[in-house]
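I set down what I looked up, in the order in which I looked.

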Amino acid sequence: MELARTLVLVAATVTCGLTAGLFYAYACSVMPALARVEDRTFIEVMQRVNVAILNGWFVLGFVGALLSTGAAVALHLPDDGHHALPATIAALVLYVAAIGVTRSVNIPLNDELAAAGEPERVTDPAGVRSRFEARWVRFNVLRALLCTAALGCLAWALILHGQA
């Protein structure tokens with residue numbers, strides 16, 4: 001049981017770290033770079049990114065973090081696994097909150113951007129961008145913070161687990 005707990009905690013930490021890193025990279029490099037391009041270029045790049053990101057590598061990190069963190073909580077429920085349980089539960093709650101932000105804000109904004117159509121045919125590219133960019137960026141930063149906090153909780157859970 002100890003080996004399973006350790007392996008699942010490591011998997012949760014790694015996959016959560018991948019997702020936190022993805023959102024962090026957008027917050028500190030991708031979106032600031034795109035802030036400097038013209039409206040049609042911004043729309044085109046974000047539309048392409050939103051299609052390209054839906055791949056197995058992304059799913060491995062994004063869904064893998066949820067599943068492995070949930071499994072870590074379950075494996076720490078027995079009496080002998082409670083020492084790391086609070087940190088693991090906190091990580092799960094934080095990560096689920098990040099998924100909630102993604103599903104309720106970022107994905108609908110991505111869908112609206114896709115619905116705008118081909119960038120060269122958009123009649124009001126500045127309007128399309130203004131309805132998307134600032135809100136998407138704000139909530140992406142929130143996702144980055146939530147995932148980073150979840151990662152910290154999982155790192156702490158690994159420390160606590162190692163001390164048991």
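**Entry 1: the helix pair**

I looked up the handedness first, and the crossing of α2 and α5 is left-handed, where left-handed is said if the near helix is turned anticlockwise from the far one by less than a right angle, and right-handed if clockwise. The model is a predicted one, in which local features need pLDDT of at least 70 and side-chain atom pairs count only at pLDDT 80 or more, while totals for chains, interfaces and linings use all residues. I note also that residues are numbered from 1 along each chain as its sequence is written, and that side-chain values use heavy atoms, with hydrogens and water left out.

For the geometry, I find that the axes of α2 (residues 39-52) and α5 (residues 125-163) come within 9 Å and cross at roughly 55 degrees. Axes here are lines fitted to C-alpha atoms, for helices over the stretch in contact, with angles from 0 to 180 degrees between N-to-C directions; helices are DSSP runs (H or I, at least four residues), numbered from the N terminus. The two helices are therefore oblique to each other, given that angles under 35 degrees count as roughly parallel, over 145 as roughly antiparallel, 65 to 115 as roughly perpendicular and the rest as oblique.

I then listed the contact (heavy atoms within 4.5 Å): D39, R40, F42, I43 and M46 in α2 meet P125, A126, V128, R129, F132, E133 and W136 in α5.

**Entry 2: salt bridges**

I searched the whole structure and found 4 salt bridges, each defined as a side-chain nitrogen of Lys or Arg within 4 Å of a carboxyl oxygen of Asp or Glu.

One of them joins the side chains of D39 and R129, at 3.1 Å from N to O. This pair links distant parts of the chain, with D39 in α2 and R129 in α5, 90 residues apart. For burial I use under 20% relative accessible area as buried, over 50% as exposed and in between as partly exposed (1.4 Å probe, protein chains only); D39 is partly exposed at 23%, whereas R129 is buried at 7%.

Within α2, the side chains of E44 and R48 meet in a salt bridge at 2.7 Å, N to O, and the two are separated by about one helical turn because they lie 4 residues apart in that helix. R48 is exposed, at 57%. Finally, I traced shared partners, and salt bridges join D39, R129 and E133 into one network.
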